[in-house]
Amino acid sequence: LTFLLLLANALTGALTMSDKRSCPSCTRDFISLAALKLDGKLSFSQIADASRDFGNIHHNSPAAVLYPGSVNDIAKVVRCVYASSSNLTIAAKGAGHSIYGQAQARDGIVIEMSTLKGIEVFPGAFGDAPYVDARGGELWIDVVKATMEVGLTPRSFTDYLHLSVGGTLSNAGVSGQAFRYGPQINNVFQLEVVTGKGEIVSCSPIQNADLFFAVLGGLGQFGIITKARIILEPSPQRVRWIRALYSDFSKFTKDQEMLISQPHSRSFDYVEGSVVASTEECPGSWKPKTFPLESDNVTGGSGSPTTDSPVLYCLEVTKNYFEHESSTIEEKISPMLASLGHIPSMVSVQDTPYLSFLERVHESELKLREKGLWSAPHPWLNLFIPKSQIIDFAAWAFEKHLRHGINGPMLIYPLDRMKWDPRMSAITPHEDIFYLVGFLGYASPSVDHSLERLHNKISETLKYCNRNRISYKQYIPNYSSVGEWILHFGEFWPGFVDRKLKYDPKAILSPGQRIFSRFR
Ligand code: FAD
């Protein structure tokens, strides 16, 4: 019965919840909340940052922001809200790099996770694997810097490291290492979580396992991650970073798929790729304009390739190494490169410190900030597309619909579903190999790249997929109806609802995902 009630509630109320601004009973709650004895503070005035995100499209003001000084602060606030019968909600905010308001809580409470600090590295001894314990609001860049001090590193990353541990673990966290180690959510030993009832629970694959797997990729729906124990490995010192251009999509994807299937010793450590669109003003010219997040573009070849292809495809791979391997790295890489089918002259090779490679997008961020472009609206779309449909999708999306780009990177690289634990909440297509396709544009005042035009390009892409039965799943999903959420989760929807009832029965947490509405 409760299941049916929750489902009915979701179907009828979820999307109107954020419109209900008036909440007389909330006043009583705020009086109780203000009276809580906290190690940090609850502010009713410092709320501006919590009303924005990187997407800069949705701006929902919370009523209050908790700057926690301890995990107990978080638990106390959640318990207080859980005990009330108003429609107050709570969103944990990590780095606020969501696109569509996912870390916002209109008229509710945002928890600014960054004030809860703590990174502790355990190098491992007597055969135990090394790990790091990091607070949920810590940024990955700070985690990596701390682990590198003792010669260790996490294994799986995102392209950009100024994201919080709790924020990426609530989605998946994918990048070019995920083909080998799985997404970041597959590289966690243990979590500490505050559930929607305000309980502080430690969980792992052997202790409170259902909560552990629920929270990983759980879109913040089941608990607030206050600490994560992340797997480490020895950190390389340098990276050989190679980019190669292709004009033929099937050769490009064939090579990507071959590269991710190689044994560790004979493969690269990072495999990604992107679409290089020609500009509208200058068809056939592959200029950096279409790569604002890339620091240096396609270089090292002998000028522009001659090709009839409307776009080019850029394979990006790296090989990590230790300094003592410098003299042999070339001979390791050469045979791997020799087997690839890229345009022979169009290869760029760079050698860089490991940390500089990991910080590559941050370098671009600094340049974009200088130009005021980092804070532009970002109507992004990330899709997981099954391997069997990627060629059809690319022929339409990259070579026709978006051949002039989307004013930002268009990423495409394969992932291996076997590296995703099916007990986690993250949703992928059913095929063993699927592609991450990311459209990461930013709006500008020009008519060509206005927010409306970019929105249209994105929504036409989704319409194409729906019309042509592409079995895609949105990654970092953004839906505007409960029906779409049900479709997104497919056969996993009842399990998702069940876990919600168990761990956040009043649907207090992460209202910005717009899946459930608050139960009183
Ligand atoms: P927030 O925006 O703060 O929160 C995201 C969601 O998680 C919200 O629903 C929030 O309530 C919830 N949440 C936040 N903290 C917690 C917590 N501690 N416990 C429970 N729930 C929590 N993603 C990739 O996978 N790969 C990439 O390469 C990648 N690159 C990116 C590059 C840029 C420039 C940007 C802006 C984003 C990128 N992302 C990438 C997307 C990113 O992983 C997600 O947007 C992620 O949620 C951002 O983390 P955050 O800390 O900013 O989360």
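Student: Where does M113 lie?

Tutor: This is a predicted model. In it, M113 is in the loop between β4 (109-112) and β5 (119-122).

Student: Is M113 buried or exposed, and why?

Tutor: M113 is buried, because 27 other C-beta atoms lie within 10 Å and 20 or more count as buried.

Student: Which residues does M113 touch?

Tutor: Leaving out residues up to four places away in sequence, M113 touches A92, K93, G94, G136, G137, S164 and G166.

Student: Let us turn to the ligand. Which residues come nearest?

Tutor: There are 37 residues around the ligand, and G94, H97, S164, G166 and G167 come nearest. G94, S164 and G166 are also among the residues that M113 touches.

Student: Which helices and strands supply the shell around the ligand?

Tutor: At least two residues of the shell come from each of β3 (90-93), α5 (165-169) and β10 (223-234). In terms of domains, domain 1 (2-112 + 479-513) and domain 2 (119-234) each contribute at least three residues.

Student: How many residues of that shell are nonpolar, polar and charged?

Tutor: The shell has 15 nonpolar, 19 polar and 3 charged residues.

Student: What does the domain assignment give for the protein?

Tutor: It gives domain 1 (2-112 + 479-513), domain 2 (119-234) and domain 3 (238-475).

Student: How many residues of domain 2 are in contact with domain 3?

Tutor: On the domain 2 side there are 23, and they are in contact with 23 residues of domain 3. α4 (140-148), α6 (178-181) and α7 (209-215) each supply at least two residues of the side of domain 2 that touches domain 3. The largest share of that side, 3 residues, comes from α6. The C-alpha centres of domain 2 and domain 3 lie 25 Å apart.

Student: Now F249. What is its place, and which residues does it touch?

Tutor: F249 belongs to helix α8 (residues 249-261). Not counting residues up to four places away in sequence, F249 touches Y313, I391 and A394.

Student: Why is F249 buried?

Tutor: F249 has 20 other C-beta atoms within 10 Å, so it is buried; the cut-off is 20 or more.

Student: How far apart are F249 and A34?

Tutor: They are 59 Å apart in space, C-alpha to C-alpha, and 215 residues apart in sequence.

Student: What about the largest nonpolar core: which residues touch the most other members?

Tutor: The core has 128 residues, of which I90, I109 and I385 touch the most other members. Beyond its neighbours within four places in sequence, I90 is in contact with V77, V78, V81, A105, G108, I109, I111, I508 and L509. In soluble globular proteins, nonpolar side chains tend to be buried together.

Student: Which residues of helix α15 are buried?

Tutor: In α15 (residues 493-503), they are F496, V497, R499, K500 and Y503. These residues are on the same side of α15, because they cover an arc of only 160 degrees around the axis.

Student: Finally, what share of the protein is buried?

Tutor: Buried residues make up 47% of the 520 residues. The protein has 15 helices and 18 strands. Of its contacts with a separation of 6 or more, 74% are between residues 24 or more positions apart.

Notes
Residues numbered from 1 in each chain as written. Predicted model: local features only at pLDDT ≥ 70, side-chain atom pairs only at ≥ 80, totals over all residues. Core = buried A, V, L, I, M, F, W, Y, C linked by C-beta atoms within 7 Å. Buried ≥ 20, exposed ≤ 12 C-beta atoms within 10 Å, placed from the backbone. Contact = placed C-beta atoms within 7 Å. Helix = DSSP H or I, 4+ residues; strand = E, 2+ residues; numbered from the N terminus. Arc of directions from axis to C-beta. Near = placed C-beta within 6 Å. Nonpolar A, V, L, I, M, F, W, Y, C, P; charged D, E, K, R; others polar. Domains from an automatic or database assignment.
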